[in-house]
Every structure is written in C-alpha cells, then in structure tokens.
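Keep the structure open while you read.

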Amino acid sequence: MQTHARAPVGRRRFLALGGTAAATAALGGCALPVSGSVGGAGETVTVMVKAEDLGTDLVRQARKDLGIRINTVRYDITKLIAMMTSGSPPDLVRGVGAVDAPYLAARGVAEELDPYFARSAVLRADDLDPVNDLWRYDGRTQGKGPRYGMAKDFSQDSMYWYDTALFDSAGVAHPPETEPVTFDEWLDKAKRLTRTSKGQTTVFGGSYNGLGASVLLAGLTASAGGSLFSADFSRVDFTAPEARTALDWYIGLCRAKVGPSLIQPDPNGWDGPTYQARRMAMSNSGYWLGGLINTDRKLAAVSRLAPAPVFAGGPRISSCQGGTGLWMPKKARNKDAAWRVFEWFFGEAPAKARASGGWGIPTLRSLRPLMPRQESYQKEVLRVQEAELDHFSVISFTPYARTDALDALFNQAAPAAMRGEMSVDTLARRLNSAMNEQLKRGKEQVG
C-alpha cells in the first residue's frame, strides 16, 4: 500500500513519531515586500525550537517588528508528542528537511503550506532555492508535491573546508577550485595531512562524518550511482554494489584514523572548535562552517572551500544533509499569525542577518547578494560555492524511520568493523537485518 502524504491522522500513526526514541534508548541588504497575510499584531505564537534557532533577541525583535508575542518551547520529541496528542500543539516546530519532511508528511501531522506560499509577497515560489524541495513530499517521492516547511539556510554538506597553511606545511597540493577530487584522493590527502605525537593525534587530516550516519551513507551511495533505499523506501541494502562501495569507503576512512569517528571521538564533539584551533586540515561541514571561520580573520585568510568529492565513474552529486527549518502542525491553533512569523523568520530581518554572517546559504535567491564577499578569500569561497550549486540534488530519505533510530543501529554495529574486528561484508548484512526490521515496523505504523 502506497503512503499518501495527506492520509488522516490517527493516534497510532502519530505516536509512531516517538517510537524510535524508545528504540534508541533500548540500544543505549535586499529589500523585500511586506506580507499581505492575515493575522499578526497582538497575537501569541508558540514555536518549538532549539535555543540557537530563535534566541531571546529575535523574540524581542519579533514583538517589535510584528507586534506578535513568540512563546518558545525547547525542542524535545517527547514533549512534542505530548503536546500534539493532547490537542495543544505548537504553532511552528523545528525540523530537518532532508530527513524529517517525508516522515512527518507520511503521518499526516504537518500542514500543507502551498496555499500560504501562493498568497505571500515575501516568500515567492520563484525566489525559493531548490533546496526547499527537501520539504516537499508527494506520498512517494521527496522533492515533489506539496511543501510542508522551509529551510532557514543550507549547505551542500559534502563540500569541505581546508586549511591551506596545514596543506603547505605537509607538502600536500591544494584541491582544485571547482573540480572535485575522488573520494580515494581525498582519503589519501587526509592520511598525508594527519600528524601524531607520542601515540596521540595532534592534527586530524580530515573529518568526513556529515550530519549523521544514515543520511551520510545515503549521500555516499548516491555518489556511487545507486540508492541506499529500495524503490518504495521500505528497505535498505548495504550489500548492493553502490551501497557497498559507500560503506567500504567510510569504514576504511575510520580504520585509517585520520579524523574523528566512533572509535576516535573528537573531544570537542564537533569539527568547528578543532578546525578553529588549527588541529584539523579538512572538514566536510559545507559552506555553513564559514560563519564560524569568518569570526577569526587569520583563520579565514587561510581557509578555502572545495567541491564535494566523487567516486571514480560515479555521478557528480552535492546534496544537503540538513535543510533545518520550520513546519506547521496540521492542528496548530493560530496558523495565520504563525505564518506571519514564518515569513518574517525566513524572508525578513532574521534571514538577512543569517545571510550576511555566512551561516549557510540563503534559501531565497534574492538574499544571496548579502553573503560575505568583502575580502578576496571570501570572493574565492563564493566562486566555489556558486559553481557547486549546479550539482545540487535532493536525495530522498525514507518516511518509515527517524534518522536517529537508524543512526543508533549503525552506531551499535559499526565500531567493530572500524576496529578491523569485523569484515565490511558482515557489517553490511547486520545493518540490513537491523535497519530493515526498524523500517518494517515504521511502514506498519504508517499503514
């Protein structure tokens, strides 16, 4: 039975949103026109986000700009389920388009936003960057059909930053500006750039972990010319040639110990501070990391952005693994005022500030002139990034499991293979067994 994005909401279907949490626990500027929307001044909108998405300064600014009071609730999946099932959902909720959109749409809990976009003078369809297609789902395919949300900014997350000074000191040639290296070439450079002292890594040659194992491996499989998921997204097959190529390369990267991994964690928890400390030569964090890099002028002057690598003979693909933004619950009580906040957040003052700070690529084309370009190195970064946009594509994710559940299964099984205690073939079979059971349960819940 095909999933339909507009299927009615049932308690069983909605509670499936939290089912994966239990499974995981068990495993251990540009002028823009003013909106013509109805609703606004004097109203209160409840938004469930993380602190970094909508801080107190923006809450105050919204009250000043819109006359709307924003009540923020810290994002928590358990709390979200409780609010939704009690009939008091937030008006807007944080989500990650690349992995959340099909999951939410298939369960019928997200409002279709096409009618709102159609009448908006701020968020015009012809101004939307294609990355916003991550938030579309037609019941079968991500990237088509109704819109269920919008990304606040984005990166092509397989692109990587590199420190030219570390390259030069190691005698390693810089990557080409707009032509991709192969994944094998990238790994070879990472090995040559890695530095150790007294058994400790002092400089990571390269980090390539993306935003999570399942979305990373889906992207790597696409770069090898295949799909991690079956045609109906109800199964994975890591033994298929393309997925096996992706898995083999990633496990080889971890075995080489050139960067952070499950068996060699970064004490900082993520690439940013380590790269900033000049202890990481390459990081596949995409354009978004430029917001941090630009705060240190000396670091920015030696940092460059490079195209996403390719597998030899494979297609050139440069996807977005995130697309973090907001969606509106179907049962939200204050939709018109929520949409006004939505327009403001994605198309007005907050969006302009994000664009000018280098924290991701704006998701409105009209805001791209605000991206940092004052310095020569910033201009070079923009040349690379603008050329890479031609290679963006949506990589569809399954609607039948949350990515954290699939990641938990990977994180349980993979360390043995990373340490060389298990073959990649054995790992592939174990991942198929565990993940396909998870996907089977998810499909049964959707119906």
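Start at G97, which lies in helix α4, residues 97–106. Helices (H or I, at least four residues) and strands (E, at least two) are DSSP runs, numbered from the N terminus. The model is predicted: local features need pLDDT of at least 70, side-chain atom pairs count only at pLDDT 80 or more, and totals for chains, interfaces and linings use all residues. Residues are numbered from 1 along each chain as its sequence is written, and side-chain values use heavy atoms, with hydrogens and water left out.

Is G97 buried or exposed? G97 is buried, because its relative accessible area is 0%. Here buried means under 20% relative accessible area, exposed over 50%, and partly exposed in between, with a 1.4 Å probe and protein chains only. Beyond the residues up to four places away in sequence, G97 touches P102, L134, W135, Q142, G322, G323 and T324. A contact is a pair of heavy atoms within 4.5 Å. C320 is 223 residues from G97 along the chain, yet their C-alpha atoms are separated by 9.3 Å.

Of its 10 residues, 10 are buried, so α4 is largely enclosed by the rest of the structure. Among these buried residues are A98, D100, P102 and Y103. After α4 comes G108, with a positive phi near 70°.

Now step back to strand β3, residues 92–96. Five of its five residues are buried. In a regular strand the side chains alternate between the two faces of the sheet. Both faces of β3 are covered: L92, R94 and V96 are buried on one side, V93 and G95 on the other.

Which strands pair with β3? Two strands count as paired if DSSP finds at least two bridges between them. Strand β1, residues 44–49, pairs with β3 in the parallel sense over two bridges. In that region M48 stands opposite V93. Strand β13, residues 324–327, runs antiparallel to β3 and is joined to it by four bridges. There R94 has L326 as its bridge partner.

Two further strand arrangements deserve a look. Strand β8, residues 160–163, is joined to β11 by two bridges. W161 is bridged to S283 in β11. The other arrangement is a hairpin. Strands β9 (residues 195–197) and β10 (residues 200–203) run antiparallel and share three bridges. S197 stands opposite Q200. Two residues lie between the strands of this hairpin, and K198 takes a positive phi near 55°.

Next, the packing. In soluble globular proteins, nonpolar side chains tend to be buried together. A nonpolar core is a set of buried Ala, Val, Leu, Ile, Met, Phe, Trp, Tyr and Cys residues joined through side-chain atoms within 4.5 Å. The largest one has 106 residues, and L220, L247, W249, Y250 and F410 have the most contacts inside it. Apart from it lies another core, of 34 residues, including L58, A62, L66 and L364.

On a 1 Å grid over the protein atoms alone, a cavity is a set of points where a 1.4 Å probe fits but cannot get out, and lining residues have an atom within 4 Å of a point. Grid points are joined across faces, edges and corners, and a volume is the space filled by probe spheres set on the points.

The largest cavity has a volume of about 100 Å³. Its lining includes W161, Y287, S303 and Q378. Helix α15 gives the largest share of that lining, three residues. The second largest cavity holds about 70 Å³. A98, L134 and C320 are among its lining residues. Helix α8, residues 213–223, gives the most to this lining, with three residues.

How values were computed: On a 1 Å grid over the protein atoms alone, a cavity is a set of points where a 1.4 Å probe fits but cannot get out, and a pocket is an open set with protein on both sides within 12 Å along at least five of seven lines; lining residues have an atom within 4 Å of a point.
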